[in-house]
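Q: I'd like to learn how to read aromatic contacts in a structure. Can you walk me through them?

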Amino acid sequence: QVQLVESGGSLVQAGGSLRLSCAASGFTLDYYRLGWFRQAPGKEREGVSCISRSGITTNYADSVKGRFTISRDNAKNTVYLQMNSLKPEDTGVYYCAADRTLFNLCPTAGLNRADYWGQGTQVTVSS
């Protein structure tokens with residue numbers, strides 16, 4: 001079964017940290033650009049971060065630059081999002097997505113398209 005499964009979401013106090021994981025099964029992530037998105041209640045989904053196929057290129061939304069770090073371990077078929085100095089406005093459901101591409105680029109903080117999406121993991125940051 002082809003799927004992406006996120007984990008690591010939780011309730012955390014402002015200033016705290018979380019590490020989200022997204023594990024792929026049924027396909028290999030080597031050929032995919034990967035992205036993290038989030039959706040807060042009542043708001044549209046927004047791109048948070050992107051990492052290129054090899055991991056050499058990353059991109060972040062301005063709101064998370066300097067606080068979040070995206071990484072990938074192709075051997076483990078997993079992408080991560082390390083979130084530090086969390087703020088209440090980081091609250092939302094976080095999704096990972098995979099975009100099969102020939103290019104080793106990440107021109108935006110999200111993905112313009114995706115072949116696969118995860119089911120999401122809830123992150124709640126209390127003030």
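A: Rings of Phe, Tyr and Trp (its six-membered ring) pair if their centres lie within 6.5 Å. Keep in mind that this is a predicted model. Here Phe27, Tyr32 and Tyr116 form one aromatic cluster.

Q: How many aromatic pairs does the rule give?

A: The count is four aromatic pairs. Tyr32 and Tyr116 have ring centres 6.0 Å apart and planes at 50°, so this pair is tilted.

Q: Is tyrosine 32 buried or exposed?

A: Tyr32 is buried, at a relative accessible area of 5%.

Q: What describes a pair of rings?

A: A pair of aromatic rings is described by two things, the distance of the centres and the angle of the planes. Take Phe37 and Trp117: the centres are 4.8 Å apart and the planes sit at 55°, so call that pair tilted. Phe37 is in strand 4 and Trp117 in strand 10, so the pair ties together parts 80 residues apart in sequence. Phe37 counts as buried at 6% relative accessibility, while Trp117 counts as partly exposed at 34%.

Q: And charges: which ring does the charged end of arginine 45 sit over?

A: For Arg, CZ has to be within 6 Å of the ring centre and within 35 degrees of the ring normal. The charged end of Arg45 sits over the ring of Phe37, 5.7 Å from its centre. Arg19 lies over the face of Tyr80, 4.0 Å from the ring centre.

Note on methods: Residues are numbered from 1 along each chain as its sequence is written. This is a predicted model: local features need pLDDT of at least 70, side-chain atom pairs count only at pLDDT 80 or more; totals for chains, interfaces and linings use all residues. Side-chain values use heavy atoms; hydrogens and water are left out. Rings of Phe, Tyr and Trp (its six-membered ring) pair if their centres lie within 6.5 Å; planes under 30 degrees apart count as stacked, over 60 as edge-to-face and the rest as tilted. Buried means under 20% relative accessible area, exposed over 50%, partly exposed in between (1.4 Å probe, protein chains only). Helices (H or I, at least four residues) and strands (E, at least two) are DSSP runs, numbered from the N terminus.
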